[in-house]
Amino acid sequence: MFDRFESGEQAVLVHVDFHAEIDREDLSELKLLVSSAGVTTLGVVTASRSTPSSRYFVGSGKAEEIAEQVKLLGANVVIFNHSLSPTQERNLEKLCQCRVVDRTGLILDIFAQRARTHEGKLQVELAQLKHISTRLVRGWTHLERQKGGIGLRGPGETQLETDRRLIRGRIKNILGRLEKVQKQREQGRRARQRAEIPTVSLVGYTNAGKSTLFNRITEAGVYAADQLFATLDPTLRKLELADVGTVILADTVGFIRHLPHDLVAAFKATLQETQEADLLLHVMDINDDRQQDNMLQVQDVLTEIGADEVPQLIICNKIDQVPELSPRIDYDEQGKPMRVWLSAQTGAGVELVQQALVQRLRPQMVNLSLRIPPSMGKLRGKLYALNSVTAEQPSDDGQMAMQVRMSQVDWQRLCKQVSDEYGDSLQAFVE
């Protein structure tokens, strides 16, 4: 019987350079992931292949080399920078006599460490269970045996079948609880939509600086660190913008290339904030050599969750690490802000984000001159409640001459209210 080994903190990393661009991973990113998981790297084994081997993922000679490195360095875990099949993991564990973790398992482990809220923990557990359910047979040969002992002999459910049934039950339970969370989020979104409060969602590659920028803009105090997946649980904060009013800003989980599908599915409720946003702030690490590739990876995830049609404002972050860059806003031919260059760490150019947000979200405004009779003092109160009065002057006949500025949406809503309450058209009071 093959026993599983406990996961450890001393690792040998394995990176395979494939000829096809779509299969390639980044070794430096793997090292960041390993560091974020709190694991010490003892050595790195690299290989080059056109296609993975069905038995070990790498060739048999390279697999023997990995096993020798594990023994030589005293490592207790091997981490692959790729997704492995259950059979490949099982074969490698037998050969190396230690725990073998693939890229998906590593990301899941980091997520499990980072989750803080009840919802976040449920989402991570769901993704882990879906991942584990396909790997129960790996290294657990005794689970294929039927239960034995007095009263348990004879035809019946094997231990493996029992575990699968228990996992299916737990997944069903978590899905039910996450559905309740999703309904609560939908109620909040509907309430904001009724109040016509715009939502702006921060998106971007992991460790691009989203949470640091979020804290700069909102003073929220969200945990931010120079590590991958520092943020898992979504945070919403109100932001007041001139000529726009209240805006909801959402900080979300970072994306990464080849993000496991189970994670995307598990974080559906969280990512829906992105899907239904009015504007996405796409934060980019301008100092990263892979910035264009990272941007494409984010676009792929946005397409997967159905948020690729949401308008974007590109935030070019970390300009403090590139001396020749300075804070600025780039505009398109119509004068619409498209990019903001800033440093969330130092605060340089952060005020330009709010300026660009106002220009992107500012509704069509109306400037009107009204003459309000004394009998409609309630209407005057509503105009002040909307913070739309720019000037007023009483006339000799007791009427109030008012200069107002408000959004087209607020004006139309006010016209309907006046019509319902007074039976008069508000246009009658426009000079």
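The legends below accompany several close-up views of one predicted model.

**View 1. The whole chain and the confidence of the prediction.** In this predicted model, local features are described where pLDDT is at least 70 and side-chain atom pairs count only at pLDDT 80 or more, whereas totals for chains, interfaces and linings use all residues. Residues are numbered from 1 along each chain as its sequence is written, and side-chain values use heavy atoms, with hydrogens and water left out. The secondary structure comes to 13 helices and 14 strands, where helices (H or I, at least four residues) and strands (E, at least two) are DSSP runs numbered from the N terminus. The chain has 431 residues, of which 48% count as buried; buried means under 20% relative accessible area, exposed means over 50%, and partly exposed lies in between, with a 1.4 Å probe and protein chains only. Of the contacts (heavy atoms within 4.5 Å) between residues at least 6 apart in sequence, 69% join residues at least 24 apart. The average pLDDT, which is the predictor's confidence in each residue on a scale from 0 to 100, is 79 for the chain, and 83% of the residues score at least 70. Confidence is lowest in helix α8 (residues 261-266), with a mean of 66, and highest in strand β11 (residues 337-341), at 93. Over residues 1-7 pLDDT stays under 50, and the model has 18 contacts beyond four places in sequence for them; pLDDT also stays under 50 over residues 138-155, for which there are 33 such contacts.

**View 2. The largest nonpolar core and the surroundings of Phe255.** A nonpolar core is a set of buried Ala, Val, Leu, Ile, Met, Phe, Trp, Tyr and Cys residues joined through side-chain atoms within 4.5 Å. The largest one here has 30 residues, and those with the most contacts inside it are Val34, Ile79, Leu106, Phe255 and Leu302. Two or more residues of this core come from each of β1 (10-18), α1 (27-36), β3 (77-80), α4 (103-114) and α10 (291-304), and α4 gives the most, with four residues. Once its neighbours within four places in sequence are left aside, Phe255 is in contact with Val203, Gly204, Tyr205, Thr206, Leu271, Val298, Val301 and Leu302. Apart from this core lies another, of 27 residues, among them Ala208, Leu281, Val340 and Val350. In soluble globular proteins, nonpolar side chains tend to be buried together.

View 3. Because Arg170 lies in helix α6 (residues 159-194) and Glu125 in helix α5 (residues 118-133), the pair ties together parts that are 45 residues apart in sequence. Arg170 is partly exposed, with a relative accessible area of 29%, and Glu125 is likewise partly exposed, at 24%.

View 4. The side chains of Asp285 and Lys318 meet in a salt bridge with an N to O distance of 3.3 Å. This pair links distant parts of the chain, 33 residues apart, with Asp285 in strand β8 (residues 279-285) and Lys318 in the loop between β9 (312-317) and β10 (328-331). Asp285 counts as buried at 16% relative accessibility, and Lys318 counts as buried at 15%. Asp330 forms a salt bridge with Arg328, their closest N and O atoms being 2.9 Å apart; Asp330 counts as partly exposed at 22% relative accessibility, and Arg328 is partly exposed at 33%. Salt bridges that share partners also join Glu29, Arg103, Asp288 and Arg290 into one network.

View 5. The strands lie in the order β12-β14-β13 with antiparallel pairing, where two strands pair if DSSP finds at least two bridges between them. The edge strands, each pairing on one side only, are β12 (365-372) and β13 (389-394). Five bridges join β13 to strand β14 (residues 400-407), and the bridge partner of Glu392 in β14 is Met402. Helix α12 (residues 377-385) packs on the sheet, touching β12, β13 and β14, and its direction makes about 40 degrees with that of β14. Helix α13 (residues 408-422) packs on the sheet as well, touching β12 and β14, and its direction makes about 125 degrees with that of β14. For these angles, axes are lines fitted to C-alpha atoms, for helices over the stretch in contact, and angles run from 0 to 180 degrees between N-to-C directions.

Technical notes:
A salt bridge is a side-chain nitrogen of Lys or Arg within 4 Å of a carboxyl oxygen of Asp or Glu.
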